[in-house]
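Here's a quick tour for anyone opening this one up for the first time. Have a look at the sequence and the model, then read on.

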Amino acid sequence: MTNRLFTENKNIKENVKNDTFLKQQVERIKSDSEKFANKDIAALTYTSFKKFYVTGSRKEYEYEYFLHRRRLNDFAILNILYDDEKYRLCLQDIIWSILDEFTWALPAHIPQNSSIEDCITHIDLFAAETAFTLAEISHILSDKLDKTIVERIKYEVYRRVLKPYLSGRKNSWDCLENNWSAVCAGSVGSAFLYFGTDEEIKTVLPRIKETLEYYLKGFGDDGACVEGINYWAYGFGYFTYFAQLLYQYSDGKDNLFDNKKVENIAVFPQKLWFKNNNTVTFSDCGDKFTQRSGLIHFLKQKYSQIAVHDDNCSLEFDGDDCYRFAHLIRDFAWRKNNIKVQTESENGFDYFKNAGWYIKRTSNYEFAAKAGDNKESHNHNDIGVFLLNVGGDKIVTDPGRGEYTSDYFSSKRYKYFPPSALAHSVPVVNVIVQQEGEEYRGNIVKVTENELIIDCKDAYNDCSLKELTRKFEFYDDKIVLNDNFAFDTDKNDVTEHFVFDVKPTECENGLKIGNTEMCYNVADFECKINEVTYASHYNKQKTVYTVDLKHIVKTKTFETKFEFNIKILERSENK
């Protein structure tokens, strides 16, 4: 039945011919491949493999590991498009090197002191993806590749991934309610559809589907992904790729898309698109709205309400630091040249009840806030946090994800700036910042187009705190924030903490941040402005500015009011 699988790859040459974006990508891939064509393939050394366990640093080993995948992507695409012996030989060499890798899993995902066999057969995100990738390349290009290459691909995919899974061995991701379950189960399932016998597929399919159900349980009925748009694309992308292959394998009888929750998940990311391709950066999310255009174009065919944005936010061939072939090949196979794109976001608000997210867009500003709890996947301690963009510029910000190291995913996580409460615009109460844990939570108690109220009291480990509500009022040219605190003891210490993308300056009525003034009664507060530079993903350095407004008078109740007055720029149609 493999002749039914991914028949869309036959469209790639024609798609490139008619699609300007894809033409540009091909030219860039050609140029990129020249860097590899006459350069030896670097081995993944034991020294770099071991370094993670010694220092916690991931970047040394992963740099070369993902460079192998980048090289593989380049030459796989070029072999699909062209009949060139140079490209064919280069592809075979990088496949051979990947088949030679000690393990396809990353050191960061393999428990220390694992046996050699357990290292080789450990199925993490990237081992599963590699199995899927090689199986799919073999499926598409089997007539071009040497028989030895084709046979060894199947041998290694079985040895490292399919046989261990068939054995019934438990995996850490089998019952996870986040992106891991979709990526791993989707990739393993896809590799089985390409290489497995019908009997093997029949054996594993219930287990694969059960894990994908756990993935879907990680979403409420509202479809919101609390991990952010990047992890939405990752997890839901691999869910979609497997679902489509399964649909083809079963000749349409097994349809995972026929599910209202799946539809709501598919629609979710378009609510996060802000001007200048900014986005909501809650959790470990990147700071730009990006899309895998093939994935979005495909989902548009399934669900008509999907909004497709223009290619300014489409990831290019090298836009994914991990160089995932399944994403890239579907950009080439699934894009529709005549699809209508949305160039402006629709004004209004979206409330995601299950996630506790509120997002509002107007012609002058964009706003987002969240409640939820502090034990979410890729959690940040951020109950009551809010973001504000004005005229396409970030004003009140959320730093998003930090550099991934061993400590970042350990009990030391909140010693890093990005996931800590101090990286978010939330109060500090009696010198207590928000802590991690499901018991630290907030609730949205009122939602309208013009008002949002969040109860944040339970986000703080302070038994004397009896009330902490944040109320936002929305107008055309301003947002008013009211924080109300009540304690059962006197002389409490409250600091209003804000995080800005641009450096604020003090002025007569408060602070000036870009085209926005944050006005408050300056006599009530001591103001302290700090610059914070931190390591973001893959050790990119970023800088934000924090402001601490400490109440001078310590009392039993506090009522604070901040007006974000937005300068409305004259629109071109009114000139």
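This is a predicted model: local features need pLDDT of at least 70, side-chain atom pairs count only at pLDDT 80 or more; totals for chains, interfaces and linings use all residues.

Residues are numbered from 1 along each chain as its sequence is written, and side-chain values use heavy atoms, with hydrogens and water left out. Helices (H or I, at least four residues) and strands (E, at least two) are DSSP runs, numbered from the N terminus.

**Cavities**

- There are five cavities of 30 Å³ or more in the structure. A cavity here is a set of points, on a 1 Å grid over the protein atoms alone, where a 1.4 Å probe fits but cannot get out; lining residues have an atom within 4 Å of a point.
- The largest cavity holds about 120 Å³ of space; a volume is the space filled by probe spheres set on the points, with grid points joined across faces, edges and corners.
- Fifteen residues line that largest cavity, and Arg-69, Glu-129, Thr-130, Thr-133 and Tyr-323 sit closest to its centre.
- Sorted by class, the lining of the largest cavity has nine nonpolar, three polar and three charged residues. Nonpolar means Ala, Val, Leu, Ile, Met, Phe, Trp, Tyr, Cys and Pro, charged means Asp, Glu, Lys and Arg, and the others, Gly among them, are polar.
- The second largest cavity has about 90 Å³ of space, and among its 15 lining residues the closest to the centre are Trp-232, Pro-269, Phe-289, Gln-291 and Ile-296.
- H11 supplies the largest share of the lining of the second largest cavity, with three residues.

- Of its 24 lining residues, Tyr-46, Phe-49, Lys-50, Phe-102 and Cys-119 are the closest to the centre.
- H3 gives the most to this pocket's lining, with five residues.

**Helix H7**

- H7 has 17 residues and reaches 24 Å from first C-alpha to last, close to the 24 Å expected; the expected span is 1.5 Å times one less than the number of residues.
- Because 16 of its 17 residues are buried, H7 is largely enclosed by the rest of the structure. Buried means under 20% relative accessible area, with a 1.4 Å probe and protein chains only.
- Asp-124 caps the N-terminal end of H7, with a side-chain oxygen 3.1 Å from the backbone nitrogen of Phe-126.

**Strands**

- Strand E5 (residues 386-390) is covered on both faces: Phe-386, Leu-388 and Val-390 on one side and Leu-387 and Asn-389 on the other are all buried.
- E5 runs antiparallel to strand E3 (residues 365-370), joined by five bridges; two strands pair if DSSP finds at least two bridges between them.
- In that pairing, Ala-368 stands opposite Leu-387.
- E5 also forms a hairpin with E6, with two residues between them, and Gly-391 in the turn has a positive phi of about 60°.
- Elsewhere, E8 and strand E9 (residues 451-455) run antiparallel over four bridges, and a hairpin of three residues joins them.

Note on methods
On a 1 Å grid over the protein atoms alone, a cavity is a set of points where a 1.4 Å probe fits but cannot get out, and a pocket is an open set with protein on both sides within 12 Å along at least five of seven lines; lining residues have an atom within 4 Å of a point. Buried means under 20% relative accessible area, exposed over 50%, partly exposed in between (1.4 Å probe, protein chains only). A polar contact is a pair of N or O atoms within 3.5 Å; within protein, one must be able to donate a hydrogen and the other to accept it, and residues adjacent in sequence count only if both atoms are side-chain atoms.
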